[in-house]
Amino acid sequence: MNLTRLVYYSQRNPSESLEVEDLIGTCQRNNARLNVSGLLHYNGDHFLQVIEGGRVEVSALYHRIARDTRHSNIILLSCQDVRERMFPSWTMGLHQGMDDRTRQIYLRYFSSDEVNPESVNVESLLDVLQDLAVELSPKISINGV
Ligand SMILES: Cc1cc2nc3c(=O)[nH]c(=O)nc-3n(C[C@H](O)[C@H](O)[C@H](O)COP(=O)(O)O)c2cc1C
């Protein structure tokens, strides 16, 4: 069936504790079951997440994530049917931090390394996230490869 890709931006809630490794473990366990793939980029203040999979699964997961008190001010950047997955190798890849390499990748596509969710070009943002994903390991694939 169709594939849907959803992208959102949110702010970490500093008054809730956050164990990123635990969170990603939950994502990988649940998403594998749902055939959902994607990438979570966390720079310490904000999350950017791409979720791709079946329309119903992506929609239900987004609503669950949106209720999570570990983040707030969620802005839905895009949700559309797509022809293929962008992150087939990750049930949920994690890219953390904003080091020099990450900054360089942002500056390849944007005039600065700050994302303004109100005006950001989502296609360019996906280019950034794809470049960041190349640097990730190990891969945890939705089809076990
Ligand atoms: C930034 C962020 C991203 C999340 N991404 C996912 C995800 O991709 N998949 C998932 O199952 N839960 C994700 N969650 C966690 C969900 O909000 C929820 O806690 C979790 O799905 C509950 O799973 P459990 O019932 O197995 O504990 C995310 C939470 C946050 C704060």
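**Pockets and ligand**

Analyst: In this predicted model, the second largest pocket has a volume of about 240 Å³.

User: Which element gives the largest share of the lining of the second largest pocket?

Analyst: The lining of the second largest pocket includes Tyr9, His41, Asn43, His46, Phe47 and Leu48. Strand E3 spans 46-53, and His46, Phe47 and Leu48 carry numbers within that range. The largest share, 3 residues, therefore comes from a strand, as elements are runs assigned by DSSP, and that strand is E3.

User: How do the residues lining the second largest pocket divide by class?

Analyst: Among the lining residues are Met98, Tyr106, Asp113, Glu114 and Val115. Met, Tyr and Val count as nonpolar, whereas Asp and Glu count as charged. For the whole lining, the division is 6 nonpolar, 3 polar and 3 charged.

User: What volume does the largest pocket have?

Analyst: The largest pocket is lined by 16 residues, and Leu23, Cys27, Ile65, Asp68 and Arg70 lie nearest its centre. By class, this lining has 8 nonpolar, 5 polar and 3 charged residues. The volume of the largest pocket is about 290 Å³.

User: Which pocket does the ligand take up?

Analyst: The ligand is surrounded by 16 residues, with Asn30, Asn31, Gln49, Arg64 and Asp68 the closest. Asp68 also belongs to the residues nearest the centre of the largest pocket. The space taken by the ligand is the largest pocket.

User: Which element gives the most residues to the shell around the ligand?

Analyst: Helix H1 (20-34), strand E3 (46-53) and helix H2 (55-66) each give two or more residues to the shell. In the shell around the ligand, the most residues, 6, come from H1.

User: How far is a polar side-chain atom of Arg64 from an oxygen atom of the ligand?

Analyst: A polar contact requires N or O atoms within 3.5 Å. Asn30 has a polar side-chain atom 3.0 Å from a ligand oxygen, and an N or O atom in the side chain of Asp68 is 2.6 Å from one. For Arg64, the distance from a polar side-chain atom to an oxygen atom of the ligand is 2.4 Å.

User: What percentage of the ligand's accessible area does the protein cover?

Analyst: On its own, the ligand has 630 Å² of accessible area. The shell around the ligand consists of 7 nonpolar, 5 polar and 4 charged residues. The part of the ligand's area that the protein covers is 80%.

Methods
Residues numbered from 1 in each chain as written. Predicted model: local features only at pLDDT ≥ 70, side-chain atom pairs only at ≥ 80, totals over all residues. Heavy atoms only, no water. Near = heavy atom within 4 Å. Polar contact = N/O pair within 3.5 Å; in protein donor to acceptor, adjacent residues only side chain to side chain. Areas by Shrake-Rupley, 256 points an atom, 1.4 Å probe, with all protein chains shown as cover. 1 Å grid on protein atoms, 1.4 Å probe; cavity = no way out; pocket = protein on both sides within 12 Å on 5 of 7 lines; lining within 4 Å. Sits in = over half its atoms within 2 Å of the grid points. Helix = DSSP H or I, 4+ residues; strand = E, 2+ residues; numbered from the N terminus. Points joined across faces, edges and corners; volume = space filled by probe spheres on them.
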